[in-house]
Amino acid sequence: MGDCPEGADTITLIGPDEPRFWSIFCASPEYRDGDSDPLDRWSRRVITMVAGQMNADPIFPFGGPPYAPFYTWAVQSGRFWPSPIGFLVHDDAGLFASFRGALRWNGQAQTGTSEQPCLTCTDQPCATACPVGAFNDGYDVAACKAHVASDAGADCRAAGCLARRACPVGQGTRLPAQAAFHMEAFL
């Protein structure tokens, strides 16, 4: 991995600071140039620059296989957990947890411990919010995509996944335009 110092073993996960992130990304040349994969290209440019400043290796959740174990790293951080629908849930971002990259470097890891929000969520609305039951038995990606692409999926396309939005944690962190961007990329 690049020029990372020998023995570097700290992984810092990098996710968007929502909702602030969206306006920053929309002002970027990658968003405006009309080429494919603007968010991945923006992430690669910005995170690689930061990695160079920190003498770290950038790692990305896209561009594989192989893919780096972001899900495992997140769970190991003590701030992310598997939700009832299998997606990661974060103590502040709820089901809008996402990563644009990570840095592998030689430094002190910042860890945290928080209470898993799903433990106190008695109704678990994320588990029942999907109109096509895409989370009833694992994650049925094909059913989800078919719904989102259909006329009945207009709300999901425009404002994001109903199951993610049903989570009481992280409400209002993802702007509708950002959710629509992600749903279009999903399709």
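**How the values lead to the words**

Tutor: Let's start with one pair of residues in this predicted model: I59 has A102 in β5 as its bridge partner.

Student: How do you know that strand β2 and β5 pair, and in which sense?
Tutor: Two strands pair if there are at least two bridges between them. Strand β2 (residues 57–59) and β5 have three bridges, in the antiparallel sense, so they meet the rule for pairing.

Student: How many bridges join β1 to β5?
Tutor: Five bridges join these two strands, and they run antiparallel. Across from T10, for instance, you will find W105 in β5.

Student: Let's turn to I85. Where is the place of I85, and what does I85 touch?
Tutor: I85 sits in the loop between β3 (80–82) and β4 (88–90). Leaving out residues up to four places away in sequence, I85 touches L95, C126, A127, F135 and A163. I85 and G138 are 53 residues apart in sequence, and their C-alpha atoms are 7.2 Å apart in space.

Student: Is I85 buried or exposed, and how do you know?
Tutor: Its relative accessible area is 7%. Buried means under 20%, so I85 is buried.

Student: What makes I85, V89, L95 and F135 stand out in the largest nonpolar core?
Tutor: The core has 18 residues, and these four touch the most other members. As background, nonpolar side chains tend to be buried together in soluble globular proteins.

Student: How many disulfides does the count come to?
Tutor: The count comes to zero. Take C121: its sulfur is 6.5 Å from the closest cysteine sulfur, in C118, and that is too far for a bond. A disulfide needs the two sulfur atoms within 2.5 Å. C161 is in no disulfide either, as the nearest cysteine sulfur, in C144, is 6.0 Å away.

Student: What does C161 count as, buried or exposed?
Tutor: C161 has 14% relative accessibility, so it counts as buried.

Student: Where is T173 found, and why does T173 count as it does, buried or exposed?
Tutor: T173 is in the loop between α7 (162–166) and α8 (176–186). The relative accessibility of T173 is 18%, so T173 counts as buried. Beyond four places in sequence, T173 is in contact with E18, P19, A93 and F96.

Student: What does the side chain of T173 reach?
Tutor: The side chain of T173 comes to 2.8 Å from the backbone oxygen of G170. The cut-off for a polar contact is 3.5 Å, and 2.8 Å is the value for T173 and G170.

Student: Which residues in α8 are buried, and what do they pack against?
Tutor: Q178, A179, F181 and M183 are buried in α8. The buried residues of α8 pack against α1 (20–26), α2, α3 (38–54), α5 (141–149) and α6 (154–159).

Student: What joins G64 and P65?
Tutor: They are joined by a cis peptide bond, with omega of about 5 degrees. The peptide bond from P65 to P66 is cis too, with omega near 0 degrees. P65 lies in the loop between β2 and α4 (70–76), and P66 lies in the loop between β2 and α4 as well.

Student: What makes the phi of N55 worth a look?
Tutor: The phi of N55 is near 55 degrees, a positive value in a residue other than glycine. Most residues other than glycine have a negative phi. N55 lies in the loop between α3 and β2, and with a relative accessible area of 40% N55 is partly exposed. Q124 has a positive phi as well, of about 45 degrees, although it is not a glycine.

Student: How do you know how confident the predictor is in the protein chain?
Tutor: The mean pLDDT of the protein chain is 92, and 94% of its residues reach 70 or more. Over residues 1–5, however, pLDDT stays under 50.

Methods:
Residues numbered from 1 in each chain as written. Predicted model: local features only at pLDDT ≥ 70, side-chain atom pairs only at ≥ 80, totals over all residues. Heavy atoms only, no water. Core = buried A, V, L, I, M, F, W, Y, C linked by side-chain atoms within 4.5 Å. Buried < 20%, exposed > 50% of the residue type's maximum accessible area, 1.4 Å probe, protein only. pLDDT = per-residue confidence, 0-100. Contact = heavy atoms within 4.5 Å. Helix = DSSP H or I, 4+ residues; strand = E, 2+ residues; numbered from the N terminus. Polar contact = N/O pair within 3.5 Å; in protein donor to acceptor, adjacent residues only side chain to side chain.
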